[in-house]
Amino acid sequence: LVLTPAPMQNSLTSLTLPLISILHSDSFGPSPTSLPFLDRFVSITGDKLSTHIYYKHTDSHGYLDYSSSHPASCKDSIPYSQFLRLHRICTQDEVFHTRASEMSPFFRERGFHTSTIDEALFYMP
């Protein structure tokens with residue numbers, strides 16, 4: 001996310017809205033103000049861009065299984081690093097918390113302890 005002066009933001013919005021409209025109407029549905037881009041979902045709300053995580057339908061959420069032979073410190077850092085990535089992508093805190101709740105079961109399915117997941121969330125900035 002790049003912070004720009006207000007006059008540039010207005011021109012940036014006026015330039016990107018038609019592009020998003022063209023791309024979105026051709027590929028993703030009726031909304032001219034939002035589209036998935038890489039691992040983010042980008043939306044224009046008023047005069048601001050907002051983002052949150054986007055999972056492709058092919059994403060298997062195949063994180064490392066906790067029963068693997070990797071060092072515990074390596075395994076325990078995975079939820080924290082993924083939540084930190086999620087925190088950087090989500091521009092709104094309430095969206096981050098919602099998406100983090102959706103992400104937590106992915107780790108439980110791979111054998112991560114609930115305490116490890118909760119601790120990772122506790123230390124989020």
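These legends describe close-up views of a predicted model.

**View 1. The loop at Leu38.**
Leu38 sits in the loop that links strand 1 (34-37) to strand 2 (40-45). Its phi is near 55 degrees, a positive value in a residue other than glycine. Most residues other than glycine have a negative phi. Is Leu38 buried or exposed? Leu38 counts as exposed, because its relative accessibility is 65% and the cut-off for exposed is over 50%.

**View 2**
Strand 2 and strand 3 (residues 48-53) run antiparallel. Six bridges join them. Thr45 has Lys48 in strand 3 as its bridge partner. Two residues lie between the strands of this hairpin. What is the phi of Gly46? Gly46 takes a positive phi near 65 degrees.

Ser43 belongs to strand 2. Ser43 has a relative accessible area of 15%, so it is buried, the cut-off being under 20%. Which residues does Ser43 touch, not counting residues up to four places away in sequence? With those left out, Ser43 touches Thr33, Ser34, Lys48, Leu49 and Ser50. Lys48 is also the bridge partner of Thr45.

**View 2. The largest nonpolar core.**
This core has 18 residues. Those with the most contacts inside it are Tyr63, Phe83, Leu86, Phe96, Met103, Phe107 and Phe112. Helix 2 (72-89), helix 3 (93-109) and helix 4 (114-122) each supply at least two residues of the core. In soluble globular proteins, nonpolar side chains tend to be buried together.

**View 3. Met103 and its contacts.**
Met103 is among the residues with the most contacts inside the largest nonpolar core. Not counting residues up to four places away in sequence, Met103 touches Tyr55, Tyr63, Gln82, Phe83 and Leu86. Tyr63, Phe83 and Leu86 are also listed among the residues with the most contacts inside this core.

**View 4. Helix 2 against helix 3.**
The two helices pack at an angle of about 150 degrees, and their axes are 10 Å apart. Helix 2 is therefore roughly antiparallel to helix 3, as angles over 145 degrees count as such. Helix 2 passes helix 3 in a right-handed crossing. Which residues of helix 2 meet helix 3? They are Ile78, Pro79, Gln82, Phe83, Leu86 and His87. On the helix 3 side are Asp93, Phe96, Arg99, Ala100, Met103, Ser104 and Phe107.

Technical notes: Residues numbered from 1 in each chain as written. Predicted model: local features only at pLDDT ≥ 70, side-chain atom pairs only at ≥ 80, totals over all residues. Heavy atoms only, no water. Helix = DSSP H or I, 4+ residues; strand = E, 2+ residues; numbered from the N terminus. Buried < 20%, exposed > 50% of the residue type's maximum accessible area, 1.4 Å probe, protein only. Pairing = 2+ DSSP bridges. Core = buried A, V, L, I, M, F, W, Y, C linked by side-chain atoms within 4.5 Å. Contact = heavy atoms within 4.5 Å. Axes fitted to C-alpha atoms, helices over the stretch in contact; angles between N-to-C directions. Parallel < 35°, antiparallel > 145°, perpendicular 65-115°, else oblique. Left-handed = near helix turned anticlockwise from the far one by under 90°.
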